Protein chains: 2
Amino acid sequence: MLNLPSKVRICEVGLRDGLQNEQQIISTEDKIALMEDLVEAGFPVIEVGSFMHPKRMPQMADTDEVFKAIAAKYPNVELRALIPNLRGVQRAVDCGCKKVKLNVSASRMHNLKNLNRTPEETVAGFADCVAAARENNIEISGSISMPFGSPWEGEIPQDQIDAIIDAYIAVGITEISLSDTSGMGTPKMVNTMCEHVLKKYPQVSWWLHFHNTRGTAIANIFAAMQAGMTQFDSSIGGLGGCPFVPNAAGNISTEDVLNMLNECGVETGIDIKKAIAASRKLLEILSKGGDSYILKAGTNDDLIANMAEKEA
Amino acid sequence: MLNLPSKVRICEVGLRDGLQNEQQIISTEDKIALMEDLVEAGFPVIEVGSFMHPKRMPQMADTDEVFKAIAAKYPNVELRALIPNLRGVQRAVDCGCKKVKLNVSASRMHNLKNLNRTPEETVAGFADCVAAARENNIEISGSISMPFGSPWEGEIPQDQIDAIIDAYIAVGITEISLSDTSGMGTPKMVNTMCEHVLKKYPQVSWWLHFHNTRGTAIANIFAAMQAGMTQFDSSIGGLGGCPFVPNAAGNISTEDVLNMLNECGVETGIDIKKAIAASRKLLEILSKGGDSYILKAGTNDDLIANMAEKEA
């Protein structure tokens with residue numbers, strides 16, 4: 001018998017991780033309309049954008065404006081933004097964003113080469129962000145990218161991952177995302193790491209974020225749930241990319257995740273039909289096809305209904 | 001801790017299930033060359049073609065010729081063909097094919113409507129095929145399509161599936177494939193059914209065959225392995241189709257399955273690089289892209305090697 005949770009929380013990241021990988025910059029109005037659709041579909045958590053420097057990431061330059069338009073409107077939805085540093089906390093305060101997320105790479109090699117510091121030293125440097133967030137009553141979380149493998153060193157020893165987690169906990173961050181941005185995760189290693197961190201760090205609220213670069217993301221989610229994980233990111237239309245592999249698939253598509261969860265009897269509180277509609281709307285704005293099986297094939301219920309109609 | 005097998009057997013079905021869904025008919029010479037590549041890559045089982053009526057399935061009309069060219073050449077590889085009826089056994093005898101596979105749909109509704117008999121009555125009618133195969137020293141197996149859901153009735157009760165299995169065993173067939181041709185399977189139901197049949201029918205040698213129509217096939221394989229299953233079909237380049245959903249994805253791609261298994265430490269005896277080369281060759285012949293993540297992104301090892309080269 002499989003051990004699956006009865007319900008999970010899904011965070012929709014298409015407006016951040018999806019759009020930041022697109023050449024096209026969509027309008028603030030479109031973003032706000034899509035936010036409305038996502039809230040209406042029932043997403044409990046939405047990653048709205050990021051407070052990177054607008055020159056570095058022009059697709060996210062209007063994140064402040066989007067928050068100003070929606071933050072007060074949806075008090076029951078957790079609306080989060082990615083921040084690079086203290087400046088990000090200040091922008092969050094100014095626009096009414098109540099939840100921010102920091103990021104560090106799990107690659108020791110990459111960090112040492114580029115920043116001359118280890119990942120855990122980088123995280124220790126986030127103490128000022130935590131202090132500023134606390135002062136302003138803003139929730140703060142952290143993510144670790146590439147814990148399941150890095151293009152620089154391949155598999156990363158668990159004790160190096162643990163050192164980064166320890167560093168996050170040391171600065172007072174106990175909500176942590178394991179983000180497989182390189183798409184190197186596979187279900188056995190995911191299950192093993194999830195079991196390990198859940199046991200070693202019971203005080204942490206975990207998120208899992210899988211890119212579908214090598215087609216394993218849905219199995220990774222399944223394996224993570226079996227270890228006891230209950231919070232997952234996904235992206236409508238499968239938007240996003242793998243920063244290290246041009247033209248590779250993006251984040252696992254929200255529709256595909258919702259379909260799998262629904263069919264496995266795992267509750268999300270999200271209306272898959274409305275999620276699919278939001279996905280189609282965004283892909284239409286971008287004039288692209290996306291990477292989503294459910295958008296092409298429909299759900300099992302759709303198939304049964306179509307067959308009944310055809311035979312009637 | 002996950003319960004995974006230490007090794008599994010993969011049957012390559014691209015030359016049958018893949019090519020029968022293509023408009024283009026590839027040459028017998030190309031098929032024979034591809035067979036050579038697949039054997040060289042280490043596939044222990046290959047589905048070579050089918051003995052359907054050539055008018056009904058012109059893509060498979062040269063299956064006899066392909067067998068004549070290869071059957072004696074690869075005595076250590078299990079080379080199988082799909083047959084519709086007794087005529088198929090006779091064609092197998094004539095061309096040196098030593099293993100055949102019958103098929104029945106799990107949809108009671110579909111069978112009754114079209115054939116005016118239940119699936120188990122259809123299977124009972126295979127007794128003549130079994131007798132003829134035995135006489136000629138040909139191994140015979142059976143498949144059940146759509147056990148994980150049918151477009152006609154949706155979920156099929158387990159006792160109806162069991163009745164079909166009983167019927168196969170009654171005619172003397174104890175190698176059975178559960179074939180998710182409608183792509184409606186999801187990992188929890190797959191795991192549940194696999195556990196059930198493994199326990200109830202210990203005398204049966206099981207195969208699992210997943211189409212990736214709704215993006216769940218890799219998770220289905222993972223869930224089936226956890227139940228104890230060790231034999232899986234897959235198709236190079238993800239060729240194939242969903243007969244009920246135009247333009248939907250096909251069989252799960254062999255490269256993606258091999259990558260997942262390799263990374264999970266499950267042995268197959270197959271060289272993934274050679275499988276990828278065969279896949280590229282077939283897609284080039286067909287002038288199409290296929291549905292395969294690994295063909296686009298490469299393996300984790302490829303990514304690490306590329307990064308090392310870039311930074312050198």
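These notebook entries record what I looked up in a predicted model.

**Conventions.** I number residues from 1 along each chain as written, and letter chains from A and number ligands from 1 in the order written. In this predicted model local features need pLDDT of at least 70, side-chain atom pairs count only at pLDDT 80 or more, and totals for chains, interfaces and linings use all residues, while side-chain values use heavy atoms, leaving out hydrogens and water.

**Entry 1: Glu255(A).** I located Glu255(A) in helix α11 of chain A, residues 254–263; helices are DSSP runs (H or I) of at least four residues, numbered from the N terminus. Glu255(A) is buried, that is, under 20% relative accessible area (1.4 Å probe, protein chains only). I found no salt bridge for Glu255(A), and the nearest side chain of opposite charge, Arg280(A), is 7.6 Å away. A salt bridge requires a side-chain nitrogen of Lys or Arg within 4 Å of a carboxyl oxygen of Asp or Glu; Lys and Arg count as positive, Asp and Glu as negative, and His and the chain ends are not counted.

**Entry 2: the interface.** I noted that 48 residues of chain B are in contact with 48 residues of chain A, contact meaning heavy atoms within 4.5 Å. The two chains bury about 4,000 Å² between them, 63% of it on carbon and sulfur atoms; buried area is the accessible area (1.4 Å probe) lost on being put together, summed over both parts. Arg214(B), Tyr293(B) and Leu303(B) supply 18% of the area that chain B buries against chain A, more than any other three residues.

**Entry 3: charges across the interface.** I recorded two salt bridges between chain B and chain A. Glu311(B) forms a salt bridge with Lys113(A), with the closest N and O atoms 2.5 Å apart.

Conventions:
Helices (H or I, at least four residues) and strands (E, at least two) are DSSP runs, numbered from the N terminus. Buried means under 20% relative accessible area, exposed over 50%, partly exposed in between (1.4 Å probe, protein chains only).
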